[in-house]
Amino acid sequence: MTGSIQTLPMEVVNLIAAGEVIDSLAAVVRELVENALDAGATRIAVAVWFDLWRVCVADNGTGMDLTDLQKAASAHSTSKIQSRDDLYKITSLGFRGEALHSIAALAELEICSRLTGFEGWRCTYNTQGEAEETEAVAIAPGTVVTVSNLFGKWRLRRQGLPSRSQQQRIIQATIQNIALCHPSVTWQVQHSDRSWFTISPGKTAQQIIPQLLKPVRVHDLQQLTLDVPTPEEGSQGAGEMGRWGGEGGFTNIKVTKKDSSETRPYFRQTMPLSEAKGQNSTLSLVLGLPDRCHRRRPDWVKVATNGRLVRSPELEQTILTAMARTLPRDRYPICFIHLQICPSQIDWNRHPAKAEIYLHSLSYWQEQISQAIEQALRIGAENFDTASQSHRVGKLLTASAKKGVYHLDESPKQERNPSDIGLVELKAVAQVRNMYILAEHDTGMWLIEQHIAHERVLYEQLCDRWQLVPLEPPVILNHLTPVQLEQLQRIGLEIEPFGDQLWAVRNAPALLHQRDDCADALLELSLGGDLQNAQVATACRSAIRNGTPLNLDQMQTLLNQWKMTRHPRTCPHGRPIYLPLEESALARFFRRHWVIGKSHGI
């Protein structure tokens, strides 16, 4: 009896390996575009023909000479790493030498390339990645890669792919995600010989996002770049060693050091480890201001490391947590985080498509992201947006509430670090309809809704100090359900039976215990939610009511306290707190740029 286990033929082995790297048209686009970026391209043109299963990517990066062109599609051939040590200091998007070889095994591959100052060459390759035909061609410096008849010898793979419309969306998302990480690149994309979309270059992702999300404007986004210390290699940072990654995302890496005299073309070279160790890391943040833009799904909570977008559940959750109680219910932020990290902090060798990575010192980076978001949400001189928002005047909130005299606590509630970014100087001028505080500053004036501004102040105080104080005498509640009893006990209240369907509550949040409506407030807290919801409800009930008259000193005290909060743009329910009316917008409205003589018809 002969054995049934046999070694697979090399043709089958190569096909299986190629199918792991290239699984769709989008994968072809991704790999070719990353090669173009590694070559230092600033303009990339992508064309897709779905009916022909063809992709063409042209770039203006460093081309290849004939010797490199003939070896470009060989198995595991790359100019990006030379030794085992280089695996721990990857500074390029591609480095395994699998992409072009896999494409050659699954499709018809043709590459035209030219080095500046040399003649251009065209090569076609067989399924083993060997150059078959070579000829001189006249092209501009750069590289043009054409992939035709993808999966022509693997028809089952074609049948298993999504519909054409779904593939279009995946390819578009692939290019857009890469464009976020490389904002200085110009993109021109076609399908079936027709223009599909373009992406114009910008200095940061702040200029790219409005091109991808049409309702979003540049002034709706806050951009922040911070230099942060890099944890020592092998250290645990602020917590235990972490590893992170995701599924179905894109990952990528980039160090913007390029030697124009380098003659080993097409691929950016790796940074020496000794040089990388001395570098600080950079955290770039583009955040949609919560009072201006948000999403129905968390599809725009994005994280990138060293030029490649990655799926990171841990870091994405950090973003959502940092933005908690700044957005309306069931809304999610627009946030793009780009970490430029020392290569020794990242291990890319986890997934053939580099879609999952290991990141050291995870807790440290989570802490840095939380602090960056908190800084970006403050209203300070360094991140103060002077863009016109006068179109929002018609959307002022008009909530009504009972009138009465309100005594504002003028004692300072929060200690702030003097090194925090400078805050906008606001001067209370008047109260409008006993609801809004009119405040002026150096570049215009603001309307601040007094109730929700005070609600934000109280909510953050409660988050910092959730204090329960004894009730003397206790508050008596009746007809509480078991669920209500459990809820009150969950948030720390002492409650015990006091008679038939009666319960005595012997402590309460400090903000509520002296209020006449304390019993009503406790009933509201019993209706459900966690401690955070209880804090929101307590702050809302305790805040100044709309309709309450305030004098100038009380208004100024409230403004000073509100400015110092961590998230001053929205209340804990996600409503916008203030409406800016900038001097530039007022000048345009009143036509102060007009020449007097001309305006009188002279």
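Residues are numbered from 1 along each chain as its sequence is written. In this predicted model, local features need pLDDT of at least 70, side-chain atom pairs count only at pLDDT 80 or more, and totals for chains, interfaces and linings use all residues, while side-chain values use heavy atoms, with hydrogens and water left out.

**The three-stranded sheet**

Helices (H or I, at least four residues) and strands (E, at least two) are DSSP runs, numbered from the N terminus. Two strands pair if DSSP finds at least two bridges between them. Three strands in the order β19-β21-β20 make up an open sheet with antiparallel pairing. Because β19 (468–478) and β20 (495–499) stand at the edges with a single partner strand each, one side of each is left without a neighbour in the sheet. From one strand to the next, the twist averages 30 degrees. Axes are lines fitted to C-alpha atoms, for helices over the stretch in contact, and angles run from 0 to 180 degrees between N-to-C directions.

**The five-stranded sheet**

A mixed open sheet holds five strands in the order β9-β10-β13-β11-β12. Its edges are β9 (221–228) and β12 (308–310); each has a single partner strand, so one side of each lacks a neighbour in the sheet. Neighbouring strands here are turned by 20 degrees against each other on average, direction ignored.

| Strand pair | Sense | Bridges | Bridge partners |
|---|---|---|---|
| β19 and β21 (residues 502–509) | antiparallel | seven | Leu 477 and Trp 503 |
| β10 (residues 281–288) and β13 (residues 335–340) | antiparallel | six | Leu 283 and Leu 339 |

**Helices**

Contact means heavy atoms within 4.5 Å. Helix α13 (residues 518–525) lies across β19 and β21, at about 80 degrees to β19. Helix α9 (residues 313–322) lies across β11 (301–305), β12 and β13, and runs at about 130 degrees to β11.

The expected span of a helix is 1.5 Å times one less than its number of residues. For the twelve residues of α14 (residues 531–542) this gives 16 Å, which agrees with the 16 Å between its end C-alpha atoms. Buried means under 20% relative accessible area, exposed over 50%, and partly exposed in between (1.4 Å probe, protein chains only). The buried residues of α14, including Val 536 and Arg 541, pack against α11 (450–464), β21 and α13.

**Leu 426**

Leu 426 is in the loop between α10 (362–377) and β16 (427–432). It counts as buried because its relative accessibility is 4%.
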